[in-house]
Amino acid sequence: MVGQPGKQGATTPFPRSPNTRVLPPTAELGLWAADELRAAKRPTQAPPDVDELLLSQPSPGAPELTSCRERVRRATRDSGLEESRRNLPRTPRECLTARLLLHCLHRERYEFDSSLSQTPRTAVVTRLVERLNHEAITVALWQEKLCEGFQSLPGIESLHAVIVAWLERQFPRPVAR
């Protein structure tokens, strides 16, 4: 008789029941002592709310575009809309930043293509063109991913238009339409 007072002989462990409870993941840890650890999950924290233009290194998945980042930063500051852009909620701010960087990349590409017409096609130039094509596709896909499911508002579109106008002032020649 295991467990009776006075009978402290060798005890044999009882076999465990084959029945187990499958619990859905919960935010609380260990509702019951027998709950499996994997059934309880800690809530994941939202990623930190950082401004992509203010980072010294681009965030993971974001394109490098060092010159465009500086141009967009300068255009935002010169237009007087730096604080307005920074105060936008995270998703609209990220989408606006991606759109501005994409516009800048296209503008730099226009300048490059204009000068390319007077440059002989060497292997180095061909590799540079291929790298720029790859970079343009990467930036377009990054912008599409950030802006997916986001519908812009008139206030954000007016911010975009004003910053783009200031961005255009940084380039030497206007785009021929």
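How are H1 and H5 oriented to each other, roughly parallel or roughly perpendicular? They are roughly perpendicular to each other, a term for angles of 65 to 115 degrees.

Welcome to this predicted model, in which local features need pLDDT of at least 70, side-chain atom pairs count only at pLDDT 80 or more, and totals for chains, interfaces and linings use all residues. Residues are numbered from 1 along each chain as its sequence is written, and side-chain values use heavy atoms, without hydrogens and water.

**Two crossing helices**

The axes of H1 and H5 come within 8 Å and cross at roughly 115°. Their crossing is right-handed. These residues make the contact (heavy atoms within 4.5 Å):

| Helix | Residues in the contact |
|---|---|
| H1 | Arg 71, Val 72, Ala 75, Thr 76, Asp 78, Ser 79 |
| H5 | Val 162, Ile 163, Trp 166, Leu 167 |

They divide into 6 nonpolar, 2 polar and 2 charged.

**The core**

Val 72 also belongs to the largest nonpolar core, where Val 72 and Leu 101 touch the most other members of the 24 residues. Such a core is a set of buried nonpolar residues (Ala, Val, Leu, Ile, Met, Phe, Trp, Tyr and Cys) joined through side-chain atoms within 4.5 Å. H1, H3, H4 and H5 each supply at least two of its residues, and H3 gives the largest share, 7 residues. Apart from this core lies another of 5 residues, including Phe 112 and Val 125.

**A residue to look at**

Among the residues that Leu 101 touches is Leu 65, found in the segment before H1. Leu 65 is buried (under 20% relative accessible area), at 6%. Its phi is near 40°, a positive value in a residue other than glycine. Most residues other than glycine have a negative phi.

Conventions. Axes fitted to C-alpha atoms, helices over the stretch in contact; angles between N-to-C directions. Helix = DSSP H or I, 4+ residues; strand = E, 2+ residues; numbered from the N terminus. Parallel < 35°, antiparallel > 145°, perpendicular 65-115°, else oblique. Left-handed = near helix turned anticlockwise from the far one by under 90°. Nonpolar A, V, L, I, M, F, W, Y, C, P; charged D, E, K, R; others polar. Buried < 20%, exposed > 50% of the residue type's maximum accessible area, 1.4 Å probe, protein only. Lists of a residue's contacts leave out its neighbours within four places in sequence.
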